Every structure is written in C-alpha cells, then in structure tokens.
Amino acid sequence: MTFWGRFAKVLQGGAVSGVASASELSNIGIVVIGRNEGDRLKRCLESVGAATRRIIYVDSGSTDDSVRMAREMGADVLELDMRVPFTAARARNEGYGRLRAAAADLAYVQFVDGDCEIVAGWIERAAEWLDQHPGVAV
C-alpha cells in the first residue's frame with residue numbers, strides 16, 4: 001500500500017500495518033547539529049543516511065573536519081555565522097528553515113545531535129505510527 005493509501009485509510013479510521021518503504025520516506029527530512037563531532041558525526045550520518053536523502057548538517061564553528069566529512073557523506077551543510085552566539089535551539093531552527101526551503105513538501109522532520117545515532121528502523125516506525133495517529137503531534 002502506498003504512503004497516501006495508508007494515510008487515507010488512517011483518516012477513514014482503518015488500521016494499517018507494515019513498515020514504510022524507502023519511497024515513502026522521501027517525505028522525511030533530518031536536521032543534524034554539531035560542533036567538532038569527528039567520528040561521532042560520521043556514525044550519526046551513517047545511522048540516518050538510509051532513512052532519507054534530505055539531511056541538513058548544521059555546524060556551530062567546528063575546527064576539525066566535520067564540515068568536510070558531512071559534505072562528503074552527502075549532507076547539505078549549513079555553517080552558522082560565528083558572530084551570533086551558538087545555541088542548540090538556534091542550530092535546530094536554522095537547520096529546519098534550510099530544510100523547509102529546500103523541500104517544502106516534507107511531512108516529518110527528525111532532529112538529532114551529531115553525537116547521537118538513530119536506531120535502525122526508528123524513523124520508518126515513527127512515521128508509520130504518526131501516519132496512523134493523525135491527531136498526534138510530537
């Protein structure tokens with residue numbers, strides 16, 4: 001069943017099952033934030049790379065090779081202006097803005113810190129659950 005077919009079924013009060021397919025995940029974007037994360041960032045990006053191709057890495061003034069590595073791994077990189085104080089909230093908000101500007105049709109956005117990894121299957125299961133419960137916001 002397609003994403004929209006499942007969505008329509010949920011709206012009609014029907015139950016659906018199964019994990020979302022890769023084609024259905026094109027409506028999910030990811031914002032990764034970090035600074036000098038090194039190998040942690042590599043593991044983070046590897047953990048989210050299979051879920052979507054819409055990944056924004058927001059860098060808060062790294063002096064290591066985080067920016068280069070993120071670009072090489074296919075992430076769209078946003079380097080924050082160092083003249084404005086860094087906060088995690090600022091990084092997430094600017095990343096979200098960049099992501100929405102590039103892909104306004106996204107249904108979901110996953111935020112993750114660069115020193116964390118997404119458990120395999122999490123994004124697919126979370127999207128499926130949210131699809132089944134349209135009255136829920138996270």
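Q: What does Arg71 count as, by its relative accessibility?
A: Arg71 counts as partly exposed, because its relative accessibility is 46%. Buried means under 20% relative accessible area, exposed means over 50%, and partly exposed lies in between (1.4 Å probe, protein chains only). The model is a predicted one: local features need pLDDT of at least 70, side-chain atom pairs count only at pLDDT 80 or more, and totals for chains, interfaces and linings use all residues. Residues are numbered from 1 along each chain as its sequence is written, and side-chain values use heavy atoms, with hydrogens and water left out.

Q: Which side chain does Arg71 meet in a salt bridge?
A: Arg71 meets Glu79, at 3.3 Å from N to O. A salt bridge is a side-chain nitrogen of Lys or Arg within 4 Å of a carboxyl oxygen of Asp or Glu. Glu79 is partly exposed as well, at 48% relative accessibility.

Q: How many salt bridges are there in the whole structure?
A: A search finds 10 salt bridges. One of them joins Asp113 to Arg92, with the closest N and O atoms 2.7 Å apart. This pair links distant parts of the chain, since Asp113 is in strand E4 and Arg92 is in helix H4, 21 residues apart. Helices (H or I, at least four residues) and strands (E, at least two) are DSSP runs, numbered from the N terminus. Both partners are partly exposed: Asp113 has a relative accessibility of 28%, and Arg92 has a relative accessible area of 27%.

Q: A new topic: what is the overall layout along the sequence?
A: The protein has five helices and four strands. Along the sequence they follow the pattern α-β-α-β-α-β-α-β-α. Of the 138 residues, 41% are buried.

Q: Which residues of helix H2 are buried?
A: In H2, which covers residues 39–49, the buried residues are Leu41, Cys44, Leu45 and Val48. Their directions fall within an arc of 95° when seen down the axis of H2, so they line one face of the helix. The arc is taken over the directions from the helix axis to the C-beta atoms. An α-helix has 3.6 residues a turn, so residues three or four places apart point the same way.

Q: And what covers those residues of H2?
A: The cover includes strand E1 (28–34), strand E2 (55–59), helix H3 (66–72) and strand E4 (108–113).

Q: What does Ile118 touch?
A: Ile118 touches Ser47, Val48, Gln110, Val112 and Ile123, leaving aside residues up to four places away in sequence. A contact here means heavy atoms within 4.5 Å. Ile118 lies in the loop between E4 and H5 and is buried, with a relative accessible area of 10%. The C-alpha atoms of Ile118 and Glu46 are separated by 9.0 Å, although the two residues are 72 residues apart along the chain.

Q: How many aromatic pairs does the structure hold?
A: The structure holds one aromatic pair. Tyr96 and Phe111 form this tilted pair, with 6.4 Å from centre to centre and 40° between the planes. Tyr96 belongs to helix H4 (residues 88–102) and Phe111 to strand E4, so the pair links parts of the chain that are distant, 15 residues apart. For such a pair, the ring centres of Phe, Tyr or Trp (its six-membered ring) lie within 6.5 Å; planes under 30 degrees apart count as stacked, over 60 as edge-to-face and the rest as tilted. Tyr96 is partly exposed at 36%, and Phe111 is partly exposed at 35%.
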